[in-house]
Amino acid sequence: MDEGVRRRYLKAMGVELWERRPPPGMAAQRPPDPPAALDEGVPPLPATTDLAPAADSPSPLDGPGPAGPDAALDWEGLRRAVRECRACGLRAGCRQTVFGVGDPQADLLVIGEAPGADEDRQGEPFVGRAGQLLNAMLLAMGLRREQVFIANVVKCRPPNNRDPQAGETTQCEPFLRRQIELIEPRVILSVGRVSAHSLLKTEVALGRLRGQVHRLGEPGIPLVVTYHPAYLLRSPEQKGRAWDDLQLALSLLQNPA
Ligand code: SF4
């Protein structure tokens with residue numbers, strides 16, 4: 001991507017572009033056009049060898065998973081099944097189900113954890129400030145929101161925005177699995193700890209799941225883990241690392257393995 005364009009998108013994402021200052025008295029030695037670093041101390045984009053699939057990344061698509069009535073549903077049937085679902089206790093406490101939004105044939109599928117208050121109100125994932133930051137992150141990749149599909153691990157808002165419980169994610173998993181089957185994304189971007197843990201069936205810290213390519217299910221869809229935009233709003237110093245993750249996902253979109 002052109003450097004100027006990249007910088008514009010990064011600015012939209014809120015990533016500060018840092019340029020190394022010369023030590024005192026060394027101004028004359030400062031290179032005229034230093035390479036931009038997103039954040040001092042941020043590790044560089046993983047080397048090509050790091051792009052190898054994680055050796056043992058089990059996924060919900062590997063095993064039989066929970067049986068659901070949606071195994072052969074088409075897109076509209078699936079949407080209806082989600083709307084009418086009462087399979088777990090979350091539906092009783094939310095206004096509406098949040099199916100997902102975007103292009104059902106997108107190359108990139110973004111998966112978060114669960115609807116929050118704004119999402120519950122609007123029936124759309126990733127709205128509000130976190131949604132705006134996600135939009136900026138996508139723009140930084142050269143993608144508009146409507147060019148990707150955005151979904152959550154669970155389709156109903158947990159009370160008080162708590163994390164969805166294991167039983168709830170298990171119950172809701174067939175819907176997400178069918179969404180993945182129908183979309184057939186080339187790359188999945190898993191945002192946030194709950195999403196990564198649910199998709200990869202692991203308790204490994206999110207920081208250790210970043211920077212590598214996981215493979216989801218039998219088709220082996222490349223999956224990249226990054227921070228949730230809501231976390232990035234609280235910890236903007238991590239945006240540089242998130243940008244590394246986005247570049248990794250972008251490289252997979254541009255150069256499918
Ligand atoms: Fe159904 Fe999922 Fe909502 Fe639970 S969270 S009621 S499984 S749609």
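Helix H5 (166-183) gives the most to the lining of the largest cavity, with four residues. The model is predicted: local features need pLDDT of at least 70 and side-chain atom pairs count only at pLDDT 80 or more, while totals for chains, interfaces and linings use all residues. Residues are numbered from 1 along each chain as its sequence is written, and side-chain values use heavy atoms, with hydrogens and water left out. Helices (H or I, at least four residues) and strands (E, at least two) are DSSP runs numbered from the N terminus.

A cavity is a set of points on a 1 Å grid over the protein atoms alone where a 1.4 Å probe fits but cannot get out; a pocket is an open set with protein on both sides within 12 Å along at least five of seven lines, and lining residues have an atom within 4 Å of a point. Grid points are joined across faces, edges and corners, and a volume is the space filled by probe spheres set on the points. Across the whole structure, two cavities of 30 Å³ or more are found. The largest cavity holds about 120 Å³ of space. Its lining comprises 15 residues, of which Cys85, Cys88, Cys156, Cys172 and Phe175 lie nearest the centre. By class, this lining has nine nonpolar, two polar and four charged residues; here Ala, Val, Leu, Ile, Met, Phe, Trp, Tyr, Cys and Pro count as nonpolar, Asp, Glu, Lys and Arg as charged, and the others, Gly among them, as polar.

The sheet comes next. Six strands form an open sheet in the order E1-E3-E2-E4-E6-E5, with mixed pairing; two strands pair if DSSP finds at least two bridges between them. Strand E1 (101-102) and strand E5 (214-216) are the edge strands, each pairing on one side only. Strand E2 (residues 108-112) runs parallel to strand E3 (residues 149-152) and is joined to E3 by four bridges, with leucine 109 opposite phenylalanine 149 in E3. E2 also pairs in the parallel sense with strand E4 (residues 187-191), again over four bridges, and valine 110 stands opposite leucine 189 in E4. E4 in turn pairs with strand E6 (residues 221-226) in the parallel sense over four bridges, where serine 190 stands opposite valine 225 in E6.

Five of the five residues of E2 are buried, so the strand is largely enclosed by the rest of the structure. Buried means under 20% relative accessible area, exposed over 50%, and partly exposed in between (1.4 Å probe, protein chains only). In a regular strand the side chains alternate between the two faces of the sheet. Both faces of E2 are covered, with Leu108, Val110 and Gly112 buried on one side and Leu109 and Ile111 buried on the other.

Valine 110 touches Leu134, Leu138, Val148, Phe149, Ile150, Ala151, Leu189 and Val191, leaving aside residues up to four places away in sequence; contact means heavy atoms within 4.5 Å.

Glutamate 184, in the loop between H5 and E4, has a positive phi of about 50 degrees although it is not a glycine. Glutamate 184 is exposed, with a relative accessible area of 63%. Lysine 201, in the loop between helix H6 (193-200) and helix H7 (206-209), likewise has a positive phi, near 50 degrees, and is partly exposed at 43%.

The largest pocket has a volume of about 550 Å³. Of its 26 lining residues, Glu113, His228, Ala230, Tyr231 and Arg234 are the closest to its centre. Helix H8 supplies the largest share of this lining, four residues. The second largest pocket contains about 280 Å³ of space. Among its 15 lining residues, Ala166, Thr169, His197, Ser198 and Glu203 are the closest to its centre, and the elements giving two or more residues are H5 and H6.
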